[in-house]
Every structure is written in C-alpha cells, then in structure tokens.
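Please read the points alongside the sequence and the model.

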Amino acid sequence: MGHYPTGDLRDQLAHLGQAVVRAGLVVGSGGNLSARAPDTDECWATAAGTWLDGLDRGSFVRIRIIDGATLDRVAPSSELGLHLAIYRARPDVNAVVHLHPQSVLLLDAIGAPIRLVTTDHAFYLRRVATTPFVPPGRPEVGRLAAEACADGTNCVVLSRHGCCVVADSVELAHKRALYLEEAARLTYRALALGAPLPQLPADWLDDPAATV
C-alpha cells in the first residue's frame with residue numbers, strides 16, 4: 001500500500017477507495033466515504049453514483065455537518081445521513097468508511113458473530129457492534145449506527161447492508177476496515193472447518209492500553 005497520502009483529504013479518500021476495491025471489500029459503486037477536517041463543521045463525502053476505484057478530487061461534495069447543507073452543486077451519496085449522524089455523535093471521528101465486505105455480510109446473514117482472534121484485531125477493532133436491518137438510505141440507518149458508536153465503538157455491521165468503520169484519520173479507518181474483513185474471513189474459515197474459535201479474553205479487549 002506504500003506511504004499514505006498527506007494533505008488534501010480527498011486524495012486520501014481516493015487512495016482508500018482504490019485500495020478497498022483491490023482488496024475486494026466493495027464491488028462496483030457500492031459503499032461511500034467521507035472525511036472531516038479536524039475542528040471544523042465541514043466534511044468531504046463521495047458524490048452519488050461514484051465508483052470507489054475511480055475517485056478523484058471532483059468525486060467529492062463539501063457538506064456542512066450541523067445541518068447537512070450541500071456546499072457544492074453535485075449531489076452527495078444517498079447514505080450521507082449515515083456519515084453526518086456519526087460525526088454529530090462522535091466529535092473525535094474525522095473519517096467514516098461505509099463498505100460492503102463479503103465475509104462480514106455473509107457472517108451477518110447466517111447469524112454468526114465476528115470473532116476477534118488476533119492481537120491486531122484487538123488493537124484496531126476492539127469490539128464490533130451490529131445494527132438491525134434497515135433499507136439503505138433511510139434516516140434510521142444513520143441513527144442506529146450513531147447510537148452504536150456513541151460508546152466509543154468504531155466498527156459497526158449494518159445488517160444485510162454493509163459495515164461502517166470510523167476513526168480520527170482516513171488511514172486508521174482504512175486499517176480498521178481491512179482488519180474487520182480479516183477477522184470475518186478467519187471466523188468463516190473456522191466455521192467451515194467445524195473448529196471452535198474462541199475470542200481473545202474480554203479483559204484484554206477492554207484494556208484501552210491495548211487498542212488505538
């Protein structure tokens with residue numbers, strides 16, 4: 001993946017978009033991304049219909065977070081409400097990544113919780129919440145995700161829909177998305193083998209010193 005881009009947040013999001021498509025975490029134009037400059041009330045969000053592996057600076061819309069006003073003439077993603085709800089609930093969050101990773105969604109569909117089995121999973125993910133199914137684009141998607149994130153949770157599975165991963169930087173959100181799908185793949189492989197897959201000890205997962 002090389003050195004992460006610095007400077008313009010749109011360049012960072014475009015880099016993330018290309019990388020998650022290559023990694024198989026999203027197909028076609030599914031998913032959407034946003035980033036907020038620290039200590040501001042504005043964010044950049046992907047425009048409607050954009051393909052994540054074809055993003056450039058013109059693929060993003062500037063949005064005012066407090067009221068959702070669009071500050072450009074381009075229409076934002078239909079899931080903009082998801083991003084805004086989380087920014088309003090979590091002042092510490094500067095990046096929201098919504099993807100449709102296949103292993104995460106498969107486990108959700110069969111009712112199997114994702115197990116955190118490595119120290120990387122604990123360090124980057126800590127815990128994973130799941131919200132009930134709501135059709136995409138409805139306000140409840142953002143409301144439920146924001147409620148799930150309010151206690152500091154950074155990874156939320158939107159049932160039958162996708163995942164929402166948040167962080168204080170685009171790069172960290174990217175890492176969390178990769179480790180979430182890795183944890184799901186390991187969980188699925190263990191289930192396919194019929195092998196027990198215990199999660200890391202709860203007291204270690206709950207230790208702030210062991211996480212970011």
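1. A disulfide is taken here as a pair of cysteine sulfur atoms within 2.5 Å. By that criterion the structure holds 0 disulfides. The model is predicted, so local features need pLDDT of at least 70 and side-chain atom pairs count only at pLDDT 80 or more, while totals for chains, interfaces and linings use all residues. Residues are numbered from 1 along each chain as its sequence is written, and side-chain values use heavy atoms, with hydrogens and water left out.

2. Burial is assigned by relative accessible area: buried is under 20%, exposed over 50%, and partly exposed in between (1.4 Å probe, protein chains only). Cys43 is buried at 1%, and Cys164 is buried at 0%.

3. Helices (H or I, at least four residues) and strands (E, at least two) are DSSP runs numbered from the N terminus. In helix H5 (residues 139-149), the buried residues include Cys149, Val141 and Leu144. The buried residues of H5 pack against helix H2 (80-89), strand E5 (129-131) and strand E6 (155-158).

4. Gln12 lies in helix H1 (residues 9-22) and is buried, with a relative accessible area of 11%. Contact means heavy atoms within 4.5 Å. Leaving aside neighbours within four places in sequence, Gln12 is in contact with Tyr4, Pro5, Thr6, Gly7 and Val170.
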